[in-house]
Amino acid sequence: MSGNEKHINPQERPQAEDSALFEPVIAALAQLEEAERYRLIAALLGQLAQHTRPGDDLHGSAEQLETLTKRVQALHEEKASLDDALAALRVDLAHRDKRLEAEQTRAEELQRIVDDQRVRSKAIQKEQADLQAQVTALNAELHRVQVDNETLRLKLQRAERDAVGQDRIETLEKSNRDLSARLTELGG
């Protein structure tokens, strides 16, 4: 220190000058994560401690530096723990995403199966309705054929009766002719 330079006690410096001096540093530190911010402040205090002049009170700075160092170390440990937890959560999330995709694929496959079954069911119902209509038509045709058969059977019975009756008439007529011919022979 030269003779013209004067040692300025920080408590004697006006507060407006401190504020203007620290504003860029505060703004830069505010953009950092908490752990990084404490690490830089601890490094700054370490640098300041190395550049102190004889007679300066280092006891308070050393205590602050030690506190900040412990805080930085605790924050680093906490950050490492949080990083591990975050990595575990990401792995778990990736596993759950895969399970979700598998379940979605399975649900889509099941939906396709349900849709296929629905289409099959409708086709079977239509086929059943068609077969039922065919059975109904066949039953109606069978009934008609049975009625026609019964009608024909009755006509056959009448025709047979008529044929038997005709044969009898012809037999009786023949017998009558024979009797007439004999009468003619006898009366003759």
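**View 1. The whole protein and its surface.** The protein exposes about 16700 Å², and carbon and sulfur atoms supply 56% of that area. Accessible areas here come from the Shrake-Rupley method with a 1.4 Å probe, and for residues only the protein chains shown count as cover. This is a predicted model, where local features need pLDDT of at least 70 and side-chain atom pairs count only at pLDDT 80 or more, while totals for chains, interfaces and linings use all residues. Residues are numbered from 1 along each chain as its sequence is written, and side-chain values use heavy atoms, with hydrogens and water left out. Buried residues make up 4% of the 188 residues (buried means under 20% relative accessible area, exposed over 50%, partly exposed in between, with a 1.4 Å probe and protein chains only).

View 2. Count them up and you get 3 helices and 0 strands. Going along the sequence, the pattern reads α-α-α. Helices (H or I, at least four residues) and strands (E, at least two) are DSSP runs, numbered from the N terminus.

View 3. Where pLDDT is low, the predicted coordinates should not be read in detail.

View 4. Take a look at L21, F22, V25 and I26, which make a nonpolar surface patch of about 370 Å². Patches are made of residues with over 30% relative accessible area and no salt bridge, with like charges joined within 9 Å and nonpolar side chains (Val, Leu, Ile, Met, Phe, Trp, Tyr) within 5 Å. V25 sits in helix α1 (residues 15–30). With a relative accessible area of 38%, V25 is partly exposed.

View 5. Side chains of opposite charge can pair when their charged atoms come close. A salt bridge is a side-chain nitrogen of Lys or Arg within 4 Å of a carboxyl oxygen of Asp or Glu, and the whole structure has 9 of them. In the one between E103 and R106, the closest N and O atoms are 3.6 Å apart. Both residues lie in helix α3 (residues 58–187), 3 residues apart, or about one turn of the helix. E103 is partly exposed, at 45% relative accessibility.

**View 6. E109 meets R112.** Here the side chains of E109 and R112 form a salt bridge (2.3 Å, N to O). About one helical turn separates E109 and R112, because they are 3 residues apart in helix α3. E109 is partly exposed at 37% relative accessible area, and R112 is partly exposed at 43%.

**View 7. A salt-bridge network around E141.** What links E141, R144 and D148? These residues are joined in a network of salt bridges. Between E141 and R144, the closest N and O atoms are 2.3 Å apart. E141 and R144 both belong to helix α3, 3 residues apart, about one turn of the helix. E141 counts as partly exposed at 36% relative accessibility, and R144 does too, at 43%.
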